[in-house]
Amino acid sequence: FTSDTEYVLLATGRKACYDSLNLDKINVVYDNRGIVVNENMQTSIEHIYAVGDVTGFHMLAHAATFQSIKALEHILGQENNTNFRVVPVCVLTFPEIVVVGLTEEEAKAKYADIKVHTSMFRNNGKSITMDEEDGFVKVIAAKGKIVGVHIIGKETSTLIPTATILIEREIPIKAITNIIHAHPTLSLAILDAVKGLE
């Protein structure tokens, strides 16, 4: 696909905006990424909480929502075990791009031995019937569990909850391959990619 145009807008990166909050006056600690918070979203002043983009953490609406819930439940004295190391990212372009967990490079830096396998959508029955065969599912595993998933293709944002659960719940590869997946569905591409790790 090509297109002639007069202008192209390229906007990369985001920055926490907290300059107008006068944090120095109340001694709330911040750095070049944003307001520093602990695992309960408390700032350096324990009765002041910060959530969302000002923390510089995954500047995504769903991350901010779950940060808010974590903060509220901490204030109310309720337990909350949300794992903020596993945050799905969706880029709703054409095709869609979704990512959760570690990249291959991050996994190599963290683990001594990783496995990587890619399943192409051109081998997926649902993709073929949709006439959307471009795309793939890439899975990264370490110590017998999935640690990263990267998917590109049509409607792939519908697959990211499955990938997120597999990583967040640390489901062993063998257990994943024993789960019956409906046919024909795009989710079979995840199963096929995981089977390639065995």
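Is Tyr7 buried or exposed? Tyr7 is exposed, with a relative accessible area of 70%, where exposed means over 50%, buried under 20% and partly exposed in between, for a 1.4 Å probe and protein chains only. The structure is a predicted model, in which local features need pLDDT of at least 70 and side-chain atom pairs count only at pLDDT 80 or more, while totals for chains, interfaces and linings use all residues. Residues are numbered from 1 along each chain as its sequence is written, and side-chain values use heavy atoms, with hydrogens and water left out.

**View 1. The protein chain as a whole, with its six helices and five strands.** From the N terminus on, the elements follow the order α-β-β-α-β-α-β-β-α-α-α; helices (H or I, at least four residues) and strands (E, at least two) are DSSP runs, numbered from the N terminus. Taken along the principal axes, the C-alpha atoms fill a box of roughly 60 × 50 × 30 Å, and 36% of the 198 residues count as buried. The chain exposes about 12700 Å², of which carbon and sulfur atoms supply 54%, the areas coming from the Shrake-Rupley method with a 1.4 Å probe.

**View 2. Tyr7 and Asp53 in the segment before H1.** The C-alpha atoms of Tyr7 and Leu21 are separated by 35 Å, although the two residues are 14 apart along the chain. Asp53 is partly exposed, with a relative accessible area of 39%. Not counting residues up to four places away in sequence, Asp53 touches Ala16, Met59 and Leu60, a contact meaning heavy atoms within 4.5 Å.

**View 3. The largest nonpolar core, with 23 residues.** A nonpolar core is a set of buried Ala, Val, Leu, Ile, Met, Phe, Trp, Tyr and Cys residues joined through side-chain atoms within 4.5 Å. Those with the most contacts inside this core are Val137, Val139, Ile146, Val149 and Ile151, and the elements that give two or more residues to the core are E2, strand E4 (135-142), E5, H4, helix H5 (173-177) and helix H6 (187-195). Apart from it lies another core, of eight residues, among them Leu23, Ile35, Val54 and Met59. When residues up to four places away in sequence are not counted, the partners that Val137 touches include Phe121, Val149, Ile151, Ala189 and Ile190.

**View 4. The largest pocket, lined by 22 residues.** On a 1 Å grid over the protein atoms alone, a pocket is an open set of points where a 1.4 Å probe fits, with protein on both sides within 12 Å along at least five of seven lines, and lining residues have an atom within 4 Å of a point. About 550 Å³ of space lies in this pocket, a volume being the space filled by probe spheres set on the points, which are joined across faces, edges and corners. Arg85, Val86, Leu102, Val147 and Ile167 lie nearest the centre of the pocket, and strand E2 (96-101), helix H2 (104-110), strand E5 (145-153) and helix H4 (160-168) each give two or more residues to its lining.

**View 5. The second largest pocket, lined by 14 residues.** About 340 Å³ of space lies in this pocket, and the residues nearest its centre are Phe66, Thr82, Asn83, Val86 and Glu168. Helix H1 (61-75) and H4 each supply at least two residues of the lining.
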